[in-house]
Amino acid sequence: MDADNHVNHCMTVAKNFINIVQDLRMENELNDLSDTTCDRIMKHVATKARAAFMSSHGCPDPAPVAEEMPVLAVDLGLSCKQLFQEAYDTTKTEEFFTAIRSVVAEPDALIYAVKMWHKDHVSKNVEEFLMNYANILYAKRVKNVHMDIDL
């Protein structure tokens with residue numbers, strides 16, 4: 001099953017659920033859910049379904065996101081591990097999410113998948129995306145280090 005089929009299946013289930021809720025509301029003489037509410041529910045389901053698919057089947061290429069990020073200043077007193085940690089820590093910033101929004105076709109799903117990964121660390125695919133992103137950002141950062149050495 002590809003991502004679109006997965007999302008379509010989830011949307012069908014959500015629409016059926018909304019219809020049941022609407023029927024129950026009508027039977028109890030309550031107002032129908034507004035079209036705006038139904039649209040928001042469907043958009044929410046589509047985002048979460050696409051994020052779930054990414055988490056289990058693979059995320060987009062992290063290179064464009066890393067290239068969109070500015071190079072962090074390098075403190076030469078930091079170890080390689082600390083420099084990498086700083087690169088990774090950018091995955092928790094609004095700047096990172098802005099970079100995703102500017103280069104990823106369906107950014108909301110990826111942003112949701114990343115936020116959920118930071119919360120529960122479950123998906124190996126999201127972890128791989130984040131580690132590859134951090135590696136690219138780290139390499140971009142380290143190659144900009146110019147040491148003044150005596151020869």
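Which residues in helix 2 meet which residues in helix 6? Let me start there. This is a predicted model, by the way.

On the helix 2 side, the list is Lys 43, Thr 47, Lys 48, Arg 50, Ala 51, Met 54 and Ser 55. On the helix 6 side, they meet Asp 108, Ala 109, Leu 110, Tyr 112 and Ala 113.

Now the geometry. The axes of helix 2 and helix 6 come within 8 Å. They cross at roughly 60°. The crossing of helix 2 past helix 6 is right-handed.

Take two residues from that contact list, Lys 48 and Tyr 112. Lys 48 lies over the face of the Tyr 112 ring, 4.2 Å from the ring centre. Another lysine, Lys 115, lies over the face of Phe 97. Here the distance to the ring centre is 4.9 Å.

Next, the interior. In soluble globular proteins, nonpolar side chains tend to be buried together. The largest nonpolar core here has 26 residues. Which of them touch the most other members? They are Val 65, Phe 96, Ile 100, Val 114, Leu 130 and Tyr 133.

Where does this core come from? Six helices each supply at least two residues: helix 2 (35–57), helix 3 (63–68), helix 4 (80–89), helix 5 (94–103), helix 6 (107–120) and helix 7 (124–142). Helix 7 gives the largest share, 7 residues.

Leaving out residues up to four places away in sequence, Ile 100 touches Val 65, Pro 107, Leu 110 and Ile 111.

Last topic: the rings. How many aromatic pairs are there? The count comes to 3. One of the pairs is Phe 84 with Tyr 138. The two centres are 5.9 Å apart, and the planes make an angle of 65°. That pair is edge-to-face, because the angle is over 60 degrees. It links distant parts of the chain. Phe 84 sits in helix 4 and Tyr 138 in helix 7, 54 residues apart.

Phe 84 has 22%, so Phe 84 counts as partly exposed.

Ring pairs also link Phe 96, Phe 97 and Tyr 133 into a cluster.

How values were computed. Residues numbered from 1 in each chain as written. Predicted model: local features only at pLDDT ≥ 70, side-chain atom pairs only at ≥ 80, totals over all residues. Heavy atoms only, no water. Core = buried A, V, L, I, M, F, W, Y, C linked by side-chain atoms within 4.5 Å. Buried < 20%, exposed > 50% of the residue type's maximum accessible area, 1.4 Å probe, protein only. Helix = DSSP H or I, 4+ residues; strand = E, 2+ residues; numbered from the N terminus. Contact = heavy atoms within 4.5 Å. Phe/Tyr/Trp six-rings, centres within 6.5 Å; stacked < 30°, edge-to-face > 60°. Lys NZ or Arg CZ within 6 Å of the ring centre and 35° of its normal. Axes fitted to C-alpha atoms, helices over the stretch in contact; angles between N-to-C directions. Left-handed = near helix turned anticlockwise from the far one by under 90°.
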